[in-house]
Amino acid sequence: MPNAFFSDLVSSIAERGRTLLRLKTWPQDAAGQASSLIDMCRALLTGRGEATGVAIAAEVLGRYRTLDTDARQRFFAALADHFGPDHDRLAKAIEKWRADANDRTAADLHYASEPGRLELFRRLNRAPGGTAALVAMRADLLTEMRANKALAPIDKDFTHLFASWFNRGFLVLRRIDWSTPASVLERIIRYEAVHEIHDWDDLRRRIDPPDRRCYAFFHPALVDEPLIFVEVALIEQIPGAIAPLLAHDRTPVAPERARTAVFYSISNCQKGLAGVTFGNFLIKQVVEELRRELPRVETFVTLSPVPGLRTWLLNAEDAPIDAETRSLLAELDEPEWTTDADRAERLRKIVEPLAAHYFLKARLPNGRVVDPVARFHLGNGARLERINWMGDLSRKGLKESGGVMVNYLYDLDEIEKNHEAFANQGEVTASNAVRRMLKGERQIFGITAPSFAQG
């Protein structure tokens with residue numbers, strides 16, 4: 001109710017302010033539209049009136065949504081070129097700081113270095129629905145940046161603001177169940193990024209039974225728009241495959257019998273918030289919620305995809321794969337192997353040690369772990385617990401990972417130590433089972449096993 005009242009109030013101010021504006025005719029060509037929108041942005045930055053400021057902000061965001069690709073590219077280019085720091089003011093602030101380095105001149109230097117875009121985005125955020133509109137604008141920007149890296153400074157400004165606006169202190173954790181409003185449930189179906197939700201019945205099987213949970217983070221400025229959500233299965237033992245968890249005819253586990261909570265799907269919902277951290281807070285808070293509700297649950301583990309493994313097996317130069325082995329791995333492209341026990345076993349002996357190498361030895365040029373899901377969970381302090389052969393035999397699972405899935409274990413007593421080792425030394429904490437697989441690599445491919453943190 002308070003949010004609704006505030007939103008109505010802002011909308012009323014914007015509407016009244018609009019009557020004070022003298023808007024020019026909207027051009028029909030892309031160059032004219034981008035130029036007109038930039039002029040409105042300048043007016044927004046130089047104006048002082050509250051009502052007209054809100055009205056201009058609403059007009060800018062409304063007209064931005066009508067831009068085609070060409071006009072949008074021109075608009076972003078102008079933001080990059082003309083809304084950076086005031087160079088003369090910055091140069092003077094640098095001279096003053098060099099002449100007398102103290103807290104006051106340092107603060108002046110800080111404010112002088114701020115791009116005009118930051119204040120522009122703050123003022124645009126005053127419009128009704130401004131936060132959601134700016135998140136959508138950044139999603140457009142990320143698309144445009146693929147072809148124009150000169151737009152990167154704008155993205156840094158968005159990231160700087162969003163890190164504050166979407167601070168953990170503003171996020172609200174809500175459980176999603178069958179009584180949740182349909183508008184939110186529709187978004188859960190749409191945003192699921194790991195294991196597709198096929199229809200309403202499929203959704204109900206994931207959130208309604210007593211051994212299932214779903215939690216999401218929300219922000220007060222994005223009403224009924226989840227930022228990230230996690231699906232949880234309550235079972236007795238650590239799972240090695242996704243199909244039994246999602247089976248239509250599975251037998252539910254009584255919550256009092258459950259000893260393991262499995263995070264089997266984590267989906268970010270807002271493309272425009274890419275790079276803004278939510279997941280680590282989400283998992284840790286959900287763990288606390290489950291511990292309060294179900295004190296007998298002792299094990300918290302994921303069943304995670306390995307989206308980069310198949311590409312690495314095919315293309316990575318640092319993979320210890322000779323021509324003969326690579327030809328054998330080509331069988332992974334033939335779905336028939338999953339029903340042939342001999343072929344599956346032959347592939348298992350090859351893929352398992354290579355998967356261990358992928359997690360424990362393979363690195364990007366910048367030294368980071370290759371797999372993005374691994375970076376997320378290991379960075380949160382989880383332990384690489386188990387590599388599961390034939391864990392996901394869906395079309396997507398076979399294409400991305402050759403059917404491999406992994407478990408990351410969240411040992412609450414070890415999380416901080418694991419996090420520090422990964423963040424500071426790049427060490428991957430792994431179980432004995434995974435280490436043994438790496439020894440299999442040495443036996444099969446004749447290479448030396450590495451050293452890494454024990455789990």
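## Nonpolar cores

The largest nonpolar core of this predicted model has 105 residues. A nonpolar core is a set of buried Ala, Val, Leu, Ile, Met, Phe, Trp, Tyr and Cys residues joined through side-chain atoms within 4.5 Å. Buried means under 20% relative accessible area, exposed over 50%, and partly exposed in between (1.4 Å probe, protein chains only). Phe75, Phe166 and Phe359 have the most contacts inside this core. Helix 16 (residues 341-360) gives the most to it, with 10 residues. Helices (H or I, at least four residues) and strands (E, at least two) are DSSP runs, numbered from the N terminus. A second, separate core holds 14 residues, including Ile176, Ile188, Phe218 and Cys269.

Phe359 touches residues well beyond its own stretch of chain. Leaving aside neighbours within four places in sequence, Phe359 is in contact (heavy atoms within 4.5 Å) with Val306, Val369, Asp371, Ala374, Leu384, Ile387, Val406, Tyr408 and Val428.

## Basis of the values

This is a predicted model: local features need pLDDT of at least 70, side-chain atom pairs count only at pLDDT 80 or more, and totals for chains, interfaces and linings use all residues. Residues are numbered from 1 along each chain as its sequence is written, and side-chain values use heavy atoms, with hydrogens and water left out.

## Aromatic pairs

The structure holds 12 aromatic pairs. Rings of Phe, Tyr and Trp (its six-membered ring) pair if their centres lie within 6.5 Å; planes under 30 degrees apart count as stacked, over 60 as edge-to-face and the rest as tilted. Tyr64 and Phe75 form a tilted pair, because their ring centres are 5.6 Å apart and their planes stand at 55°. Tyr64 lies in helix 3 (residues 50-64) and Phe75 in helix 4 (residues 69-82), so the pair ties together parts 11 residues apart in sequence. Tyr64 is buried at 6% relative accessibility, and Phe75 is buried at 1%.

Phe166 and Phe278 pair edge-to-face, 6.4 Å centre to centre with 75° between the planes. Phe166 sits in the loop between helix 9 (152-165) and strand 1 (172-175), and Phe278 in the loop between strand 4 (260-268) and helix 13 (279-293), so this pair ties together parts 112 residues apart in sequence. Both Phe166 and Phe278 are buried. Ring pairs link Phe121, Phe158, Phe162, Trp165, Phe166 and Phe278 into a cluster.

## Helix packing

Helix 10 (residues 182-191) and helix 11 (residues 200-207) pack at about 95°, with axes 11 Å apart. Axes are lines fitted to C-alpha atoms, for helices over the stretch in contact, and angles run from 0 to 180 degrees between N-to-C directions. That makes the two helices roughly perpendicular. Angles under 35 degrees count as roughly parallel, over 145 as roughly antiparallel, 65 to 115 as roughly perpendicular and the rest as oblique. Helix 10 contributes Ala182, Leu185, Glu186, Ile188 and Ile189 to the contact, and helix 11 contributes Trp200, Leu203 and Ile207. By class, these are seven nonpolar, no polar and one charged. Ala, Val, Leu, Ile, Met, Phe, Trp, Tyr, Cys and Pro count as nonpolar, Asp, Glu, Lys and Arg as charged, and the others, Gly among them, as polar.

Helix 2 (residues 30-46) and helix 7 (residues 116-124) pack at about 85°, with axes 10 Å apart. They are therefore roughly perpendicular to each other. The contact of helix 2 with helix 7 has five nonpolar, two polar and two charged residues.
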